[in-house]
Amino acid sequence: MKFPISMTAGLAGYILKNKMRPRPEWQKNATPEANAANPFRILSPKAGEKRQPHPMIHKRFPIVLMLEPLHACNLTCTGCGRIREYESSITERVPLEECLAAVDECGAPVVSICGGEPMMYPQIGELTAGILERDRHIYLCTNGMFIKKRLKEFTPDKRFYFNVHLDGMEKNHDIAVERVGVFREAIEGIKAAKAAGFQVCTNTTVYKETDMAEIEELFEYLKRLKVDGHQIAPAYGYSAVNDREIFLTREDVHEKFKDIGRLAKQYAIRQTPVYLEFLKGERELPCTAWGNPTYNVKGWKGPCYLITDGHYKTFEGLMTETPWESYGHGNDPRCEHCMVHCGFEPSAALGINVGLADNLKMLAWTLR
Ligand code: SF4
Ligand code: SF4
């Protein structure tokens with residue numbers, strides 16, 4: 001099984017509603033432009049015609065809120081941009097009420113609680129309960145080390161997943177997170193959560209040195225633990241991470257993911273078939289950075305989860321003041337090799353560059 005049917009149906013309803021009634025103020029900064037490579041462009045009107053916005057522009061609304069209640073973490077992973085970028089505010093936390101206000105303000109149907117290590121947030125149980133009360137789906141992204149200790153603060157719910165970060169089998173995962181024993185503790189956490197009736201999925205980042213055969217071994221191992229699904233995506237170099245050797249170019253990503261279709265048939269990989277085709281290099285997708293907005297101690301981070309060109313006080317500010325047309329492949333050199341799921345998975349979900357055959361693929365994937 002991939003996403004639960006209730007979640008997919010809820011998402012589809014939400015997307016349809018937003019497509020039918022787009023917020024005009026979220027589209028207003030897009031100006032007509034001739035460059036066809038710019039996915040955010042507004043088409044210029046033909047002579048005698050009224051100015052028509054580009055159809056994609058009607059698809060600018062959030063799907064997944066990336067909520068970072070804190071940036072503190074008990075680990076110092078090699079590829080982590082957060083603990084470096086927010087070093088100066090690493091002891092700060094977003095108060096509980098402010099987190100919930102951000103959930104309301106954004107309105108996205110799915111909330112990914114990330115960080116930092118969100119299981120170090122003192123009111124993490126109350127935060128998840130408050131989000132579930134608002135009828136949102138939650139992925140609680142964690143390194144897994146505190147699951148056992150804090151499990152009693154949560155209640156199993158079909159809309160709630162622990163999403164445990166695992167970048168390989170024991171030896172290589174422990175190297176990536178720079179501490180021996182992390183893999184074992186994460187696995188203990190997964191076992192405890194499953195035994196208590198929680199849903200668990202895992203989150204794997206593919207780096208330059210990742211051996212995809214090992215990722216298959218990992219998925220096979222996790223299958224035996226009855227893990228409910230896997231997220232997998234390529235790493236991308238945040239400007240906050242100095243060691244660029246570990247990150248991938250687009251060509252590297254195509255090579256790493258060339259066999260992902262076979263893995264997706266064998267294991268419950270949660271990425272959409274359209275996004276997986278993009279990773280394999282079989283199709284193009286434009287970035288839809290607004291689809292996964294990020295809220296943290298500094299406010300609404302723009303333009304995306306990776307690049308920080310500003311923090312906005314309000315979600316409205318992020319949507320209306322960000323020069324969206326300046327970002328994406330071909331528009332900003334920092335975006336050149338980016339294929340991360342937070343930028344491109346929403347494009348697949350929103351049906352951008354997607355035809356009838358793709359819609360059928362997505363339906364088959366949902367029902368499988
Ligand atoms: S566990 Fe997550 S937040 Fe903590 S250092 Fe590693 S990648 Fe960063
Ligand atoms: S292409 Fe990547 S880095 Fe650029 S705006 Fe989109 S998500 Fe951010």
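Salt bridges in this predicted model, each defined as a side-chain nitrogen of Lys or Arg within 4 Å of a carboxyl oxygen of Asp or Glu, come to a count of 16. The model is a prediction in which local features need pLDDT of at least 70 and side-chain atom pairs count only at pLDDT 80 or more, while totals for chains, interfaces and linings use all residues. Residues are numbered from 1 along each chain as its sequence is written, and side-chain values use heavy atoms, with hydrogens and water left out.

Side chains of opposite charge can pair when their charged atoms come close. One of the salt bridges links Glu-277 with Arg-283, with an N to O distance of 2.9 Å. Burial is judged by relative accessible area: under 20% is buried, over 50% is exposed, and values in between are partly exposed (1.4 Å probe, protein chains only). Glu-277 is buried at 14%, and Arg-283 is likewise buried at 15%.

A second pairing joins Arg-159 to Asp-157, again by a salt bridge, at 2.9 Å from N to O. Here Arg-159 is buried, its relative accessible area being 17%, whereas Asp-157 counts as partly exposed at 22%.

Asp-332 and Arg-334 also meet through their side chains in a salt bridge, with 2.8 Å between N and O. Elsewhere, salt bridges with shared partners connect Asp-135, Asp-157 and Arg-159 into one network.

Note on methods
Chains lettered and ligands numbered in written order.
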